[in-house]
Amino acid sequence: MANVTIIGAQWGDEGKGKVVDWLASRADIVVRFQGGHNAGHTLVVGNQTYKLSLLPSGVVNGKLGIIGNGVVVDPHALLAEIERVSAQGLKVTPETLRIAENAPLILPLHAALDSAREAARGDRKIGTTGRGIGPAYEDKVARRAIRVCDLAEPDTLAAKLDELLLHHNTLLAGLGAATFDKDSLLAELLRLAPRLLPYAEPVWERLAQAKAKGKKILFEGAQAVMLDVDHGTYPFVTSSNTVASTAGSGSGMGPDAAGRVLGIAKAYCTRVGAGPFPTELDDETGRLLGERGHEFGTVTGRKRRCGWFDAALVRQAVKVGGIQGLALTKLDVLDGFKELKLCTGYTINGEAYSYLPAAMGAQARARPVYESLEGWSGSTRGARSWADLPAAAIKYVKRIEELVEAPVTLLSTSPERDDTILMQDPFAS
Ligand code: IMP
């Protein structure tokens, strides 16, 4: 199996962009299979910084990028992103980007509903990115979504808009938000159609051909296992399945599509948005992690919450996500800390747990059980070989491997593409 799937093993923002970019240089095709423009990948190549949201990271390497049916596509966001990266010198054309014809669209009404509902939740907010992701996935499973292929059929589009607006305008009006007008929405979509349709095709067919030819396919996950709609910290999650098994269903390939599964985890832990975070540090150490790690969201610019590495959580992500190897990022952010802590499990109402149970109340009450490790005084920044690392840093990584029950196969020591220590090439295994 020549394929590799990358997924986040915590709550997102693990530094997937760099690892995906690095692996994309070894792949033939890069596929997005879930999520939408709620994702944000920052790629640093030489003196250029690329901020990608919806485009598969392969576009930076000139590789064929595919947006699968499991992704929710905001046409405005996509076209704006294409324009932005083209201005930076990247080439995004129907030769280098294909979009599943059966991918659902995110329309302006989805973002409006997302925001109106968050406002109505008051202090019980989920802290969504406000991009309309949840409402768009709701429409997909409710069988009323407008899909990319509908743009080629004005009559279908008009009829589907009637059904969609009946639902959304009722909700928006109930929430006291502005409603949408069918004629202007239809005109807007028909105006965008000629710009989007050249990218559309049955991508499952292209992927089947690629598989037959033994091409190397990289599946680029967005968000992370703990934000998975089934396995994450529900309801503080995103609205798609982020686990590796979605690679097949979200692109139109069979269950063996995922191939080798690499999970990405930061050497500590962060989260944006609301929801449980047992190892969160509301103190000077947490502040320092945020400052050193530049922990601000790529998409919304929100400050990320920071805490110690939660090995119990990552062990859970390894099991439910199908992770076979772990890429550990931002180890250099821990340089200089005298003491480091790893969470090995939780106590909830006085009882010991080795995992985070599903119930919302239990998750909120979970208190971390820590193991302390000695920090290191030397620098790991920019290390490119195991031998460049201080002994205590090696010990920290080895202990993580034991606790999460998965090997660390890749270590990233700075945002630069080449500052990476590779223990195992996932495409070679
Ligand atoms: P939504 O995906 O916009 O509905 O947001 C649901 C939750 O997922 C919120 O807590 C967001 O902050 C979080 N989320 C969505 N996308 C990302 C991401 O790419 N990185 C980190 N958190 C994310």
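Me: A pocket is an open set of grid points with protein on both sides within 12 Å along at least five of seven lines. With that in mind, which residues lie nearest the centre of the second largest pocket?

Reply: Please bear in mind throughout that this is a predicted model. Rolling a probe the size of a water molecule over the atoms shows where empty space is left. Here, the second largest pocket is lined by 13 residues, and those nearest its centre are Gly286, Arg287, Gly290, Lys303 and Arg304.

Me: How many cavities of 30 Å³ or more does a search of the whole structure find, and which residues line the largest cavity?

Reply: In a cavity the probe fits but cannot get out. The search finds 1 cavity of 30 Å³ or more, and the volume of the largest cavity is about 30 Å³. Its lining consists of Pro75, His76, Ile106, Leu107, Pro108, Leu185, Glu188, Leu189 and Leu192. Helix H2 (75-87) and helix H6 (182-196) each supply at least two of the lining residues, and H6 provides the largest share, 4 residues. By class, 7 residues of this lining are nonpolar, 1 is polar and 1 is charged.

Me: What should the 14 residues of helix H3 span at 1.5 Å a residue?

Reply: The expected span is 1.5 Å times one less than the number of residues. For H3 (residues 108-121) this gives 20 Å, which agrees with the model because the end C-alpha atoms of the helix are 20 Å apart. Just after H3, Gly122 takes a positive phi of about 60°.

Me: Which residues of H3 are buried, and what do they pack against?

Reply: Residues Leu109, His110, Leu113, Asp114, Ala116 and Glu118 of H3 are buried, and the buried residues of this helix pack against helix H4 (133-141), helix H5 (154-174) and H6.

Me: In what order do the 10 strands of the open sheet run?

Reply: The order is E7-E6-E5-E2-E8-E1-E9-E13-E17-E18, with mixed pairing. At the edges are strand E7 (200-201) and strand E18 (420-422), each of which pairs on one side only. Within the sheet, strand E1 (residues 4-8) and strand E8 (residues 217-220) pair in the parallel sense over 3 bridges, and Ile6 has Glu220 as its bridge partner in E8.

Me: Is Lys16 buried or exposed?

Reply: Buried means under 20% relative accessible area, so Lys16, at 4% relative accessibility, counts as buried. Lys16 lies in helix H1 (residues 16-24) and, leaving aside neighbours within four places in sequence, is in contact with Ile6, Ile7, Gly8, His41, Gly221, Ala222, Gln223 and Ile264.

Me: Where is Ile348 placed, and which residues does it touch beyond those up to four places away in sequence?

Reply: Ile348 is in strand E14 (residues 339-348) and is buried, with a relative accessible area of 4%. Not counting residues up to four places away in sequence, Ile348 touches Tyr353, Pro357, Ala362, Arg365 and Ala366. Ala366 is 18 residues from Ile348 along the chain, yet their C-alpha atoms are separated by 4.8 Å.

Terms used: Residues numbered from 1 in each chain as written. Predicted model: local features only at pLDDT ≥ 70, side-chain atom pairs only at ≥ 80, totals over all residues. Heavy atoms only, no water. 1 Å grid on protein atoms, 1.4 Å probe; cavity = no way out; pocket = protein on both sides within 12 Å on 5 of 7 lines; lining within 4 Å. Points joined across faces, edges and corners; volume = space filled by probe spheres on them. Nonpolar A, V, L, I, M, F, W, Y, C, P; charged D, E, K, R; others polar. Buried < 20%, exposed > 50% of the residue type's maximum accessible area, 1.4 Å probe, protein only. Contact = heavy atoms within 4.5 Å. Pairing = 2+ DSSP bridges.
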